[in-house]
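Please keep the sequence and the structure in view while reading.

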Amino acid sequence: MMLIILKHVRNNIYRLRRSRNYSILSPVTKSPFTVLGIETSCDDTGVAIVNSDRQIISEAIHLQQQLHEPYGGVVPNLAMSSHQQHLPLVIREALDKANLDIARDIDVVAVTRGPGLPACLGNGLSAGKALAAALRKPLIGVHHMEAHALTARLTQPTPVPFPFLTLLISGGHTLILVAHGVNHYTQLGTTVDDSIGEAYDKISRLLKLPWLKGRGGGPGAALERVAEKGDPKKYKVPIPMTKDKHRKEAMDLSFSGLKTSISTLIKNNDLDLDDEIVKRDLASVFQKTAITHLTDKLELAFRWCREKDITLTALVVSGGVASNKSIRSSLESLATERYNIPLICPPPHLCTDNGVMVAWAGVERFRIGLVDEYIIDHLPRWPITTLGS
């Protein structure tokens, strides 16, 4: 399939170069329009087809958990090789499930441009660019975190109206944003060190927990399951960023110190990590402290919005860690009981990285005329606040 694509690109390259904006060669005028989305920012290869009527037509995904578990975390080179091997097949699977012809039925190609692992991003972006160029389709380079933020506008019965407060929590990111509109975000806080997902993964490895299998699994999901059976009051560890007044009043977050606190607790008390009860209690203590840290910082974000006279419609939480039931429960209490707005999360299987969120972000961006050139490069570090600048 890729050889055919490259042949089409070579045959059309002269005509492409004559266009200033390479991507607007075949304007889409029909409604609804259909978007193919490709996601390869980290370790899962995801492809989906979504239309502008908010219908998920098909989805395909290849998981890499078994590949990375022996190493205790994602190995970039292995992830890249897996994307190279499986992406063409995942694209084919998504098209077959939808019973669509890519040349006739796909109107727009959307692909994650960043942020993420450089080698992995390059795989997906190269495939997306080649498909779009060969088939003369518009190309949308998608910001991975914007895709997470916008997913709730697809999965709810009606699109969540702007502006909303959004918490994006994953293995690579922790962000508190105000979403004013597509391509327009104000960042209120981010992690100054580890993401919350990275902290979950590190504590899971520290406790020697086997990864939870299947979609939405991994080390962090394993810790969540163990924590459900533990006592969150068994041990005391400090809540991050509470000792210093300036750090306490800032909306940024920190999780590396929490991991150190758990490690110190184990060492100072000579805790036996072969004891399942000890593991459960430690996992529960960690999770309770992490959630308290999140809610403290979200309280500050709600107050900031109130001071700025921003009337929020919802608290939207997405990203892989947003599938955590304990986190959802605590944040729902915060949003509904204290601020009288709903907590909105995508279904758990659409919180983790997937092609659906990329395709939907493509729909949202294409609607307002945001189309990219075929020469765009991947952006491993891409602050979401630079969108629209």
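## Overview

The end C-alpha atoms of residues 55-360 lie 9 Å apart, and this span is 50% helix and 15% strand. UniProt lists residues 55-360 as "domain: Gcp-like" in an unreviewed entry; UniProt positions follow the numbering used here, feature names are shortened, and annotations may be inferred rather than shown by experiment. The model is predicted, so local features need pLDDT of at least 70 and side-chain atom pairs count only at pLDDT 80 or more, while totals for chains, interfaces and linings use all residues. Residues are numbered from 1 along each chain as its sequence is written, and side-chain values use heavy atoms, with hydrogens and water left out. Helices (H or I, at least four residues) and strands (E, at least two) are DSSP runs numbered from the N terminus.

## The five-stranded sheet

- An open sheet is formed by five strands in the order S8-S7-S6-S9-S10, with mixed pairing; two strands pair if DSSP finds at least two bridges between them.
- The edges of this sheet are strand S8 (184-190) and strand S10 (343-344), each of which pairs on one side only.
- Strand S6 (residues 164-169) and strand S9 (residues 315-318) run parallel and are joined by four bridges.
- S6 also pairs with S7, in the antiparallel sense and over six bridges, and a hairpin of four residues connects S6 to S7.
- Leu168 has a bridge partner in each of two strands: Ser318 in S9 and Leu175 in S7.
- S7 and S8 pair in the antiparallel sense over six bridges, and Leu177 stands opposite Gln187 in S8.
- Seven of the eight residues of S7 are buried, so S7 is largely enclosed by the rest of the structure; buried means under 20% relative accessible area, exposed over 50%, and partly exposed in between (1.4 Å probe, protein chains only).

## Helix H11 and its packing

- H11 lies across S6, strand S7 (174-181), S8 and S9, and runs at about 155° to S6.
- Helix H7 (residues 196-206) packs against helix H11 (residues 276-307) at an angle of about 170°, with the axes 11 Å apart; axes are lines fitted to C-alpha atoms, for helices over the stretch in contact, and angles run from 0 to 180 degrees between N-to-C directions.
- H7 and H11 are therefore roughly antiparallel to each other; angles under 35 degrees count as roughly parallel, over 145 as roughly antiparallel, 65 to 115 as roughly perpendicular and the rest as oblique.
- H7 contributes Ile196, Ala199, Tyr200 and Ile203 to the contact, and H11 contributes Phe286, Gln287, Ala290 and Leu294; contact means heavy atoms within 4.5 Å.
- The residues in the contact of H7 with H11 comprise seven nonpolar, one polar and no charged; Ala, Val, Leu, Ile, Met, Phe, Trp, Tyr, Cys and Pro count as nonpolar, Asp, Glu, Lys and Arg as charged, and the others, Gly among them, as polar.

## Two buried helix residues

- Gly197 lies in helix H7 and counts as buried at 5% relative accessibility.
- Gly197 and Gly171 are 26 residues apart in sequence, yet their C-alpha atoms are 3.8 Å apart in space.
- Apart from neighbours within four places in sequence, Gly197 is in contact with Ser170, Gly171 and Val321.
- Asn123 belongs to helix H5 (residues 118-135) and is buried, with a relative accessible area of 14%.
- Apart from neighbours within four places in sequence, Asn123 is in contact with Thr40, Met80, His83, Gln84 and Leu87.

## Backbone features in loops

- The peptide bond from Gly114 to Pro115 is cis, with omega near -15°, and Pro115 is found in the loop between strand S4 (108-114) and H5.
- Phe162 and Pro163 are likewise joined by a cis peptide bond, with omega about -5°; Pro163 is found in the loop between helix H6 (144-155) and S6.
- Asn183 has a positive phi of about 75° although it is not a glycine.
- The turn that holds Asn183 belongs to the hairpin of S7 and S8, which has two residues between the strands; Asn183 counts as buried at 13% relative accessibility.
- Asp309, also a residue other than glycine, has a positive phi near 60°.
- Asp309 is placed in the loop between H11 and S9 and counts as exposed at 68% relative accessibility.
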